[in-house]
Amino acid sequence: MQHSFFENPELYFKNDIPTGKIVWKSPSNIALVKYWGKRPVQLPMNPSVSFTLNNSVTETAVEYSPAKKGLNVTFYFEGKRNVSFEEKTKKFFENITNIFPFLNQLEFTIHSKNSFPHSAGIASSASGMSALALALCSIENDHFGTLNNENDFFRKASYVARLGSGSAARSVYGGVVIWGETSAVPGNSDLYGIPVTGNVHKDFLNYHDTILLVDSGQKKVSSRVGHSLMENNPYAKTRFKQASENSVKILDILKSGDKEDFIKIVESEALTLHAMMMTSNPYYLLMKPGTLNIIENIFEFRNETGIPLCFTLDAGPNVHLLYPDENSESVNNFINDRLKPYLSQNGFIKDNVGNGPERLI
Ligand code: 2P0
């Protein structure tokens with residue numbers, strides 16, 4: 001599918017300009033194989049594969065009405081006017097008027113809220129941008145009827161979400177999602193994510209992700225800067241090749257249900273992401289002592305019990321614990337008995353693989 005599918009110059013109101021309200025709830029996701037490094041415009045240097053989460057969601061209400069003085073956005077986050085989100089969203093909308101020409105005819109009031117704390121280290125750009133992209137696709141379909149086919153609807157939502165934030169391309173579907181070209185999966189693309197849940201073993205479809213909040217401080221480095229550091233990272237080429245191979249491997253593993261092989265890829269991906277940050281110029285150390293203490297404890301727990309608990313990391317110090325549903329009691333006890341000293345006052349967030357976004361209004 002080409003860019004032209006997504007850009008339809010006919011999508012503008014020829015007569016009356018409507019008023020309406022659309023609400024979407026969209027989840028965050030956690031990458032098993034990481035996207036780190038991109039090229040213009042928001043295209044990944046390698047494929048990535050993720051679990052969509054269930055409880056960590058953004059709910060976004062988009063109210064639209066005829067514009068008095070051209071495209072305009074007023075943005076409320078958690079009930080308060082947020083000028084920074086407002087400017088970011090307006091700029092984003094201005095950048096995608098070729099995709100949705102009707103944006104120029106509307107003004108927007110947006111109310112958005114997250115189910116998780118702002119600085120929890122959960123990818124709020126993934127849930128936030130996917131909710132927004134879904135709302136824009138709903139405006140298109142409600143008034144032009146051009147996205148009645150469900151595949152077309154979500155594919156376009158993923159394409160648009162990607163332009164807002166790369167990882168958001170993966171949040172428009174539930175279960176397991178791949179974003180980025182690999183010859184191993186027919187139909188996938190750098191332009192949008194596609195769901196691969198139909199080929200996933202049932203044990204992985206109700207996997208748990210408990211997010212341990214080691215540090216709730218500000219991010220040390222933005223995703224934008226993090227991705228750009230890969231442009232001069234001496235190991236970049238090898239890393240992109242490895243991630244492509246790991247994407248193919250993880251899809252096979254997810255299909256077979258092999259937890260030992262799952263652990264090897266997922267933990268290696270997390271550590272490699274951090275290794276990329278450590279070997280960039282300038283270099284960043286995003287783990288905290290608590291992060292390493294938790295990882296050591298996971299290794300010990302796994303050796304002692306044989307329970308296939310593993311970890312992954314985002315570009316920060318918090319630790320995602322991934323484990324099967326049947327081990328949730330043992331892992332809960334492990335967190336309470338051994339990991340509490342390394343957690344910040346926010347503790348942890350219990351989540352699991354979810355079914356994807358939902359339109360509420
Ligand atoms: C991922 N991360 O695959 C990787 C792993 C964080 C670590 O994608 O610049 O917010 O908006 O495209 O998606 C975080 O970066 O970056 C991210 P942009 P994004 O989930």
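The model is predicted: local features require pLDDT of at least 70, side-chain atom pairs count only at pLDDT 80 or more, and totals for chains, interfaces and linings use all residues. Residues are numbered from 1 along each chain as its sequence is written, and side-chain values use heavy atoms, with hydrogens and water left out.

**Ligand site**

- Ser167 places a polar side-chain atom 2.6 Å from an oxygen atom of the ligand.
- For Ser125, a side-chain N or O atom is 3.1 Å from a ligand oxygen atom.
- For Gln42, the corresponding distance from a side-chain N or O atom to an oxygen atom of the ligand is 3.5 Å. A polar contact is a pair of N or O atoms within 3.5 Å; within protein, one must be able to donate a hydrogen and the other to accept it, and residues adjacent in sequence count only if both atoms are side-chain atoms.
- The protein buries 91% of the 460 Å² that the ligand exposes when taken alone; these accessible areas come from the Shrake-Rupley method with a 1.4 Å probe, and for residues only the protein chains shown count as cover.

- Strand E12 (residues 319–323) is mostly covered, with 5 of its 5 residues buried. Buried means under 20% relative accessible area, exposed over 50%, and partly exposed in between (1.4 Å probe, protein chains only).
- Val319, Leu321 and Tyr323 point one way from E12, whereas His320 and Leu322 point the other way.
- Strand E10 (residues 208–212) runs antiparallel to E12 and is joined to it by 5 bridges, with His208 opposite Tyr323. Two strands pair if DSSP finds at least two bridges between them.
- Strand E11 (residues 310–313) also pairs with E12 in the antiparallel sense, over 4 bridges, and Phe311 has Leu321 as its bridge partner.
- E11 and E12 form a hairpin with 5 residues between them. Helices (H or I, at least four residues) and strands (E, at least two) are DSSP runs, numbered from the N terminus.

**Backbone geometry**

- Most residues other than glycine have a negative phi, and most peptide bonds are trans.
- The peptide bond from Pro40 to Val41 is cis, with omega near -10 degrees; Val41 is found in the loop between strand E2 (38–39) and strand E3 (43–44).
- Gln42, in the loop between E2 and E3, has a positive phi of about 55 degrees although it is not a glycine. Gln42 is buried, at 13% relative accessible area.
- Glu78 has a positive phi of about 50 degrees and sits in the loop between strand E5 (72–77) and strand E6 (80–81). Glu78 is partly exposed, at 43% relative accessibility.
- Asn281 and Pro282 are joined by a cis peptide bond with omega about 0 degrees, and Pro282 lies in the loop between helix H8 (259–278) and helix H9 (289–305).
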